[in-house]
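Hi everyone, thanks for coming. Let me put the structure up, and then we can walk through it together.

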Amino acid sequence: MYQKSRAWIELNMDNLSHNVNQIKKNLSPGCKLMPAVKANAYGHGMIPISKALAKMGITDFCVASATEGAMLRKAGIEGQILVLGYTHPKAFPQLARYDLTQTVVDACYAGILAGYGKPIKVHVSVDTGMRRLGERSDHLSSILSIWNYKTLSITGLFSHLCVADSADPLDVQFTLMQFQRFDAIVDALHQKGVGGFHTHIQSSYGFLNYPEYTYDYIRPGIVLYGCQSQPELCPRLELSLRPVLSLKSRLETIKWLLPGESAGYGLTYTADRPLMIGAVSIGYADGIPRSLSGKGYVLIHGKKAPIIGRICMDQLLCDVTEIPDAAPMDEVVLIGTSCSDKQEQCGRKEMIRVEDLAALCGTISNEILSCLGSRPPRVILSP
Ligand SMILES: *Cc1c(COP(=O)(O)O)cnc(C)c1O
C-alpha cells in the first residue's frame, strides 16, 4: 500500500515468525520463549509485535517497566508479563491491577514489595557477576529469606549474563562461571526445600553462544527482531535470521548545489563540483542518529545516496547526483532493501542493515532500534 507519511516503519511479521521458528527449532524440549518486548519492542512497536507473537503461541513476555506491562494488558495481551526492572512502591498498585510479575531486584526490595500487602507474583533476580540487579548469588541466606514473605508468589528465579556475546576466552570463562553460580544457587535452594520456580538466564547471545545450557525460558530480544548487536559477531549457533523492520521516508525536494556552495546547519558540507541534492523527510527526532551526519547513506531506486551535512531534527540532505531519475515523492530507504524495480523482482538491489548504521555510529543495533522515534507510524506488511 502507498504510504503517505513523511517517514514510516514497515514490519514484516512473516520474518518475525521465521525467526521465532528458527529459535524454537534449536531449543531443548520444555524450554519456552519469553521475548523481550521492552522499549517499544526495540523500536518496532510493542503492541503490534506482542500481538503477532501471541498469535504464534507465545504466552510469556518481558518488559522493562510496570507501565510497559500495563500497556500490554490494556492491548489485550494475556499470559505472563515479567517486569525486568525496578518498580517504585507508588506503582505497586499497577502490578496488582494488571497481574504483572515483578522482579525482586534484591532481598531488601522483597521486604518493601511484600509490605504492600496484596499478593504479587515475582521472579527473584540473582546477581551472578554483572553487578547490576539481583541479590548476590553468594548471599544464600538473603535469597532464601525472600521465600518467607507470604504475599510474594515466587514463580521464577533468574540471572543475566554480561559477556555472553564475546568469544574472548576470558569472557567465555566468566560466562561459564555465571552459569555455574546460577546452577549452584538453584541447587542450594532445592536442598533447603525451596522449589516450584522457573529458571532463566539466557538472552540472545547467551542462547546463541551457549545453546547446550537449558533452563525453563530464554529471553531473546535482538535476535528475535532478526538482527545482530554488532555486524562482526559470529555466534556459535548460526541461525538464518531475517530483519523484521524497515525504515523508509520520501524525497521532498531536489535542487542543484553549485561548486563552492555549502548546505545544511553549520554549512559543514561544501560542494567541490555541481551536485544534485535531495531533502528527505526524516531526521534525528525520528531516530536517525545525528552522529551519522556526513557518514552514512540512504537508498533511492536501489542506489546509494550519501548523506551530506548535518542531520536535522526532521530532515536530512543527500547527494542524488548519481541517481538522475530521483524525483520528489520517491521512496528513500534508511534501513532495509531498495530496488530499482518497483516489483522488487529483477531490478538492482541494495540493502542497509541496522548493524551497518550502528557500526557507522560506533554503537550497537539495540540502541539504534530502541531509539527509533514514536513519530513514524508502524505499518504491518501484508504478504
Ligand atoms: C534486554 C534484556 C534481554 C534481551 O536482551 P537481548 O540481548 O536483546 O536478547 C534479556 N534479559 C534482560 C534482563 C534484559 O534486560
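**Helix contacts and the ligand**

Let's start where Met13, Leu16 and Val20 in H1 meet Pro48, Ile49, Ala52 and Leu53 in H3; contact here means heavy atoms within 4.5 Å. By class, that contact has seven nonpolar, no polar and no charged residues. For the classes, Ala, Val, Leu, Ile, Met, Phe, Trp, Tyr, Cys and Pro count as nonpolar, Asp, Glu, Lys and Arg as charged, and the others, Gly among them, as polar.

A word on what you're seeing: this is a predicted model, where local features need pLDDT of at least 70 and side-chain atom pairs count only at pLDDT 80 or more, while totals for chains, interfaces and linings use all residues. Residues are numbered from 1 along each chain as its sequence is written, and side-chain values use heavy atoms, leaving out hydrogens and water.

Now, on to H3 and its other partner here. Met46, Ile47 and Ser50 of H3 touch Glu68, Met71 and Leu72 of H4. This contact of H3 with H4 divides into four nonpolar residues, one polar and one charged.

Finally, the ligand. Which residues are closest to it? They are Lys38, Tyr42, Ser204, Arg219 and Gly221, out of 13 residues that surround the ligand, counted if one of their heavy atoms lies within 4 Å. A polar side-chain atom of Lys38 sits 2.7 Å from a ligand oxygen atom, and for Tyr42 the corresponding distance is 2.5 Å. Ile222 uses a backbone N or O atom instead, 2.9 Å from an oxygen atom of the ligand.

Conventions: Helices (H or I, at least four residues) and strands (E, at least two) are DSSP runs, numbered from the N terminus. A polar contact is a pair of N or O atoms within 3.5 Å; within protein, one must be able to donate a hydrogen and the other to accept it, and residues adjacent in sequence count only if both atoms are side-chain atoms.
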